[in-house]
Amino acid sequence: MINYNKFSNLFFITIFSFAPVSILIGPSISLILVLIICLYYILLNFKKDFFHLVNDKTILILILLNIYLIFNSLISVDFDSGFKRNFGFVRYIFLFLAINYFIKVSNNLDKVFQFWTIILLIVFFDIFYEFLNGQNILGFVSENPKRIVSFFKDEQVVGAFLNGFIFIIIGFLFQKFEEKKTYEKFLIIFFISFAILSMIFTGERSNTIKLFFGLAIFFYFNDKIKFKHKVIFVFSFIFSFLIIYNYFLSTGGKNHIKHRYYNDLVQRIIIKEKRENYIYFTLYKSGIEVFKLNPIFGVGNKNYRVESCLKENRKSSNYLCATHPHQIYLEFLSEHGLFGTLILLSILFYLIFKNYEKMIIKKNLIQLGCFCYLLTNFIPLLPGGSFFADFNATLFWLNFSIYYAINTETNIFNKK
């Protein structure tokens, strides 16, 4: 006879293992994978857990968030622009449920994280390959020679992809670090150094800063590592950056790294004339302008593009036609107003920090890794992709779900 528990666990482990691959292939594939996980959980277990779950505080808050998003659609400038995004948020609630459930009953998670590690190493190699050859191993070429596309073909988001999985894998690798053999410790140092170099090569300054910020949090709170090893890691990070900044800058045709991280960033911050012409500051001004005209409820999720690209608004120097303001707080303010921003930030920060104490006590490093990633999304001023866009939302809620599920003290199915 078929052991259905073993089969269901094996099915989830197999599907879940391909999460990063699905995101690399494209948003439609990652959406299909998320829906498969959600539907499989609903068919297998939802009816049995329903009455318990409707009394779970975390689930109720997520449902409240979804209700707010639906309300946001109803009052938006253009209902058609954001209703799919807002109504479709429910899939992340079921993804959260599914990951919590299957991680609770599964015992092969190490295989998942090992497979994810291999995927990241392949992406690291591909970034190096594209940096040196001008195209990735599949022949994809970036429209911007200063940025890497890797497997994303025509989108420069590989840095955001790396951050979405790096912190989980670093947490996984550092489990029982002091008990590992010397060569295993060396391989972990090599992995992190390789990750840093890869991120710098992408040319994505914001995600590079987020990586360093997240790593700083991880090592600060990780008391399972001896102080001397923390010092080694810090110096390896600095050494990695110096290799890039001093060696590769001297090679022909590779000085765009200096341009991205010095001319395009540092000088534009400290020199007023360059700052005024900086595209992101222009976007920020535009986001503020949209917010000022819609301060209470905003223009609606995914409606910044509608408002900023209106023919009559394009005549104003304060508006810049774009898909979103490229900054999470300005995105919230312009599309959700003060009312919605207060709701969103209150819910998100509460759900993230309510498990902080249990995370510290339990010392679960994978959970700490997810915590670091979640926080990097809310660094002030840094530009980034739209929070509710499929790509970013999938990475965020995947980390959020693992953040709860991986710790027996916070997994919602251990509260029964």
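The link between C309 and C321 is right-handed, with 95° about the S-S bond. Keep in mind that this is a predicted model. The two sulfur atoms of C309 and C321 sit 1.8 Å apart, and the pair forms a disulfide. A disulfide is a covalent bond between the sulfur atoms of two cysteines. If you search the whole structure, you find one disulfide.

What does the pair tie together? Both C309 and C321 lie in the loop between α16 (304-308) and α17 (328-353), so the bond joins parts that are 12 residues apart in sequence.

| Cysteine | Relative accessible area | Class |
|---|---|---|
| C309 | 24% | partly exposed |
| C321 | 41% | partly exposed |
| C38 | 4% | buried |
| C370 | 0% | buried |

C370 is in no disulfide, and the nearest cysteine sulfur, that of C372, is 9.1 Å away.

With six residues, α9 gives the most to the lining of the second largest pocket. Sorted by class, that lining has 10 nonpolar, two polar and two charged residues.

Methods: Residues numbered from 1 in each chain as written. Predicted model: local features only at pLDDT ≥ 70, side-chain atom pairs only at ≥ 80, totals over all residues. Heavy atoms only, no water. Disulfide = S-S within 2.5 Å. Helix = DSSP H or I, 4+ residues; strand = E, 2+ residues; numbered from the N terminus. Buried < 20%, exposed > 50% of the residue type's maximum accessible area, 1.4 Å probe, protein only. Nonpolar A, V, L, I, M, F, W, Y, C, P; charged D, E, K, R; others polar.
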